[in-house]
Amino acid sequence: VLTFDLTQSLISIANKNDKKLLVDPKGLDYSKYSGAYLLTPNKKEASEATKVSIKDNTTLTQAIQILKDQCNLEVSLITLSEQGVAIFDNELRIHPTVAREVFDVTGAGDTVLASLGFALSCKKSIDESVKFANLASGVVVGKIGSATATMNEIIEYESSLNKSNSDEHI
């Protein structure tokens, strides 16, 4: 359904109306997403699309920069599963996930995309938005099956991360 002409038309309309278009890319040819605000491939998808085997920060930087340049993105982003999210605009930054018991990773990528869109629409910076997305996906992976995260759950989760328990230090 999302042909080259359709995706380029949608991206053009979004850009003309000063809207950020976020894409969870599929397939190996990302050219149809050129001009979007950002893409959210995972490490495996980014490796396949760029033909760069991502093994460390050097190859991660290489792949994320290729995506940014080839797709004419404002921000390049690669999700790194339990390691967090890598962002590249003018420099590489990795926002780590916070340790939590993982029950089911179903929907974690969709949660990242949706929560990024929400935070960016609230005029948050890309770094603030990625931190929010990490929190939201942290809530979702702590549930079984396809799940959602409410704002209260995200706030409660963030608050719980800032609490220290003496048992953790013994």
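Me: What makes Cys71 count as buried?

Reply: Its relative accessible area is 3%, and buried means under 20% (exposed is over 50%, partly exposed in between, with a 1.4 Å probe and protein chains only), so Cys71 is buried. Keep in mind that this is a predicted model, where local features need pLDDT of at least 70, side-chain atom pairs count only at pLDDT 80 or more, and totals for chains, interfaces and linings use all residues. Residues are numbered from 1 along each chain as its sequence is written, and side-chain values use heavy atoms, with hydrogens and water left out.

Me: And why is Cys122 called partly exposed?

Reply: Cys122 comes in at 37%, so it counts as partly exposed.

Me: How many disulfides turn up in the whole structure?

Reply: The search finds 0; a disulfide would take a pair of cysteine sulfur atoms within 2.5 Å.

Me: What about aromatic pairs, how many are there?

Reply: There are 2 in the whole structure. Take Tyr30 and Tyr33: ring centres 6.0 Å apart, planes at 65 degrees. Rings of Phe, Tyr and Trp (its six-membered ring) pair if their centres lie within 6.5 Å, with planes under 30 degrees apart stacked, over 60 edge-to-face and the rest tilted, so this pair is edge-to-face.

Me: Why is the pair of Phe118 and Phe132 called tilted?

Reply: The centres are 5.8 Å apart and the planes sit at 40 degrees, so the pair is tilted.

Me: How do you know that the charged end of Lys20 sits over the ring of Tyr37?

Reply: The charged end is 5.2 Å from the ring centre; the call needs NZ of Lys or CZ of Arg within 6 Å of the centre and within 35 degrees of the ring normal.
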